[in-house]
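Please look over the following sequence and model.

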Amino acid sequence: MLTTAAPCLALLREDDPEVKRYALTSLNEVVDQFWAEIANEISQIEELYEDESFKDRQLAALLASKVYYNLGDYDSSVKYSLSAGSSFNIDEKSEFVETIVSKCIDLYIEISQSKFLDPEVVIDSQLESIFEMMLQKCVQEKELKLALGISLESYRLDIVEKIIHSQISDLTQEDTDDSEASQLINYVLTCATTVVKNIAFKVKVLNSIVLILRNLPNPDYFIITKIIVQLNDHNLAHQVFVKLLSTENYPIAYQAAFDLVSSASQELLIKTTQLLTNDSSIDASSKPIAKLLKVLSGVPTCDLDITFLYQNNNTDKGILDKTKATLDARNSLFHSAVTFSNAFLHAGTTDDSFFRNNLEWLGKATNWSKFSASAAFGVIHKGNLLQGRTLLQPYLPENNGSPYTKSGSLFGLGLIYAGHGKEVLDYLRGHLLSGTNNADNSDFDVLLHGAALAVGVAGMGSNDEEVYEELKTVLYTDSAVSGQAAALSMGLVMLGSGNQQAIDDMLHYAEETQHETIIRGLAVSIALLCYAKEDAAEPVIAKLLVHQNALLRYGGVFALALAYCGTSNNSAIQRLLHIAVSDSSDNVRRVSVIALGFILLREYTTVTTLVELLAESHNPHVRYGTAMAVGIACAGRGLNSAIEFLEPLTKDPVDFVRQGAFVALSMILIQQNEQTCPKVKQIREKLAKVIDTRMEESLAKFGAVLAQGIIDAGGRNVTIQLENSQTGTLNLKSVVGLAVFVQSWYWFPFSHFLSLSFTPTSIIGVRDDFKVPKFKINCHTSEDLFSYPPKVEEAKTKQTDKLATAILSTTVRAKARAKKRQEKESDAMDIDKPDEEFPAVKEVTKDNEETDKKLETTTSNVETEQPTTEEFTNNSTKTNFVSTPYQIDNMSRVVPAQLKYISFIKDERYQPVRKFRGTGGIVVLHDSRPDEPADTIKTVRQLTNKNAPLPAPFTLEEEDE
């Protein structure tokens, strides 16, 4: 057994190459034991490697690599391992090889990413060989997802395509289903949208996936739909729909169209519709084409959503009535708070009875409170495209009334048609142009404010240059009132376009104007144009973040947030944290913390840890920012750690921090009950107490009232869902709605934008004729687990205390005497009949006592150890799944956490055309018995349409004559 490496080291100085070879071989075998001694001769080993005449120089490189590895110098170790050539065996199972291979892969990924940006970058052939051999090894061991993930991270699209094509060819030869290949493609799509940071490479990957999918015998068109949304490619959408129509695959086409309407931009829908209409290769007058175009218009989706919200409305009006009675309606702040709360509570339900039943209270609104109240009708009737304009007709500018009411009604009209403004946009633009000609008149200036906001909301994401220019004309009037709205609406119309000319125009005017409201509106607009642009938005972000004007730095922070929204980009997070503790403006510091919520949408569990120290900042603006960041990132999640984080902030000494905490809690607890989140009852009581407390500050009360509306929004049938469950992409409207809602810090009417973030939580099955059949769906969990929380009236009824009965002193003395007599008789009976004579009774009594104790223990455990939402996620199958399901009706409320327990009944007449994977929304159904009659649910549009149908042809009989 060797005790030293000295003899072998001495042989390195010999002239004979064979002796040196023997010495190197021997040292390689004992290097892990004597590396410290060998390290003293490292220069000699390096000289052997550098001697090109020495034929075993690769062996010397391997030895040097092992020595440096043991010394902890991994960079040098990797350098020499790459020079070792075939001497470095990647199949060797040792800690050294595993570590060096891992370092090599990291180095290759870094260099390969640089090569994608700069083709002149050279990659070492040995490094590339090691990388490719390791990937080949993963493929051979069937670790396909690992190989695909590493390939994507290194920007090696050729390897990704090779792996997928090889899998497809293997499946074809085996004559098996191509679902496994579809799963791999779906995995690549997920990685491309969440991991890949470079937009150019992401686009290449998505286009490559589309090409592969379209060449499959049975392509998964729903994966292609996801890619269409990611690429915002109307040409691809047109090609897919033409293919589906030509193969008469109509139900799949309708389902894909419904998915697009729920997640795509308005620009994509409009341009796809135009291409289909103008395509000479298809018959635009045919029934399937007409139905497809109808779906792409958004009308069926809106009709089905408001029908669901109308039929399942579970609003607790008692909460709103009590809040209204408690707060002084003469206070504009409180009046607006109740208005916003009512709008949120009834959003999309078409139930405006609160306003109609409280006309006297409504009449106390003044100036901009009237504007907010009129706009609230738009939130309540959001999506009612058939009746929207008729409902608001009495308040529109054609009638006499306050300019604030007229302006608010225009804004409300825009909210009704939000994202589907084709029908009403020309009408709104007419008011925009007529108001511009009278901008000097203060009444017209107010009217322009509502008209501009309406155009922005209705035309959101349309990228319409004409509308943009008209809004720019309003902006150039340089009015603080209408200019603010026009500035914001310009960003809404051009949302996510990244139009450089528009950005330059906005920035130039922002540097010239003196109105802070306009500057702030333009700053937020620039941020909206940067939505999802990531690296492409860096030039404008860098320029704004270092601007001397704090308002433009404010816009730079929002641009950073929206450009990297949902990406969890480390660089963006670091910059925001730096700004949060260093900027001289409290407003900039506040929004830099809020922006963290947007960036970490998909990594929402990390937000509380990230902002934990900021929540203890001496600056109340930073503390407010932490509350809103947690609320935005965890919206609709019911995350227990987020609730625990926010609870101390509800007791903050500063009123607006408490306001932010209340709003954030309501966003997190939306659609939660005591089963899914035990603290929800306590927080609801806290909100009511804050509103009822006379000495509570106004801003805190304002936040509590808003929170009451948000937590029960949409008749308790909507949630805030920032990621679309069907396509896996960010929900554009929800993100924009929250981004503008945050601006309500400066302008309360912007609170209405939160309604854009509300997503109905339903399953709506429709046939290919878009009628809603009545049928049952299974839910494999207990019926009360996801039920509505109890209403205040019901709780009061159950907890009503009986009045105490007056008891006379003589009665007390009489009862005492009777009790003594009873005790004496009882003692006598015990003597006559001892327990031993009744052993069975004694055992039963004992058993009952033990059972009662067990029940008490079990009950206490259930009360104190209710599973949280996180436990539902982790242990859902184990704790909540039941084999015997209960049944729910079609068009029922199904919250996101409940979807995993939903299944369609086997052998039921109606089955989804797409394999059901726990996603809600509109589901197109296949009818296995189309010739049989079926009961259907009438939608709001059908109930409202009073036009009688044309009678069928008939002939008169002789008797009738």
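Over the ring of which residue does the charged end of R590 sit? The ring is that of W745, and the charged end of R590 is 3.9 Å from its centre. The charged end of K291 sits over the ring of F770, 5.8 Å from its centre. A charge counts as sitting over a ring if NZ of Lys or CZ of Arg is within 6 Å of the ring centre and within 35 degrees of the ring normal.

This is a predicted model, in which local features need pLDDT of at least 70, side-chain atom pairs count only at pLDDT 80 or more, and totals for chains, interfaces and linings use all residues. Residues are numbered from 1 along each chain as its sequence is written, and side-chain values use heavy atoms, with hydrogens and water left out.

**Aromatic pairs**

The whole structure holds 34 aromatic pairs. Rings of Phe, Tyr and Trp (its six-membered ring) pair if their centres lie within 6.5 Å; planes under 30 degrees apart count as stacked, over 60 as edge-to-face and the rest as tilted. Two of the pairs are listed here.

| Pair | Centre to centre | Angle between planes | Class |
|---|---|---|---|
| F116 and F201 | 5.4 Å | 80° | edge-to-face |
| W368 and W747 | 4.9 Å | 75° | edge-to-face |

F116 lies in helix α6 (residues 95–117) and F201 in helix α11 (residues 199–214), so their pair ties together parts 85 residues apart in sequence. Helices (H or I, at least four residues) and strands (E, at least two) are DSSP runs, numbered from the N terminus. F116 is partly exposed at 25% relative accessible area, whereas F201 is buried at 1%. Buried means under 20% relative accessible area, exposed over 50%, and partly exposed in between (1.4 Å probe, protein chains only).

W368 is in helix α22 (residues 368–380) and W747 in the loop between α42 (732–741) and β2 (758–760), 379 residues apart. Both belong to a cluster linked by ring pairs, which also includes F371, Y404, F411, F750 and F753.

**Nonpolar cores**

The largest nonpolar core has 296 residues, and F241 and F753 are among those with the most contacts inside it. Such a core is a set of buried Ala, Val, Leu, Ile, Met, Phe, Trp, Tyr and Cys residues joined through side-chain atoms within 4.5 Å. A second, separate core of 18 residues includes I777 and I888.

**Sheet**

Three strands form an open antiparallel sheet in the order β6-β5-β8. β6 (886–889) and β8 (902–903) stand at the edges with a single partner each, so one side of each lacks a neighbour in the sheet. Strand β5 (residues 776–779) pairs with β6 over four bridges, and N778 has Q887 in β6 as its bridge partner. Pairing requires that DSSP finds at least two bridges between two strands.
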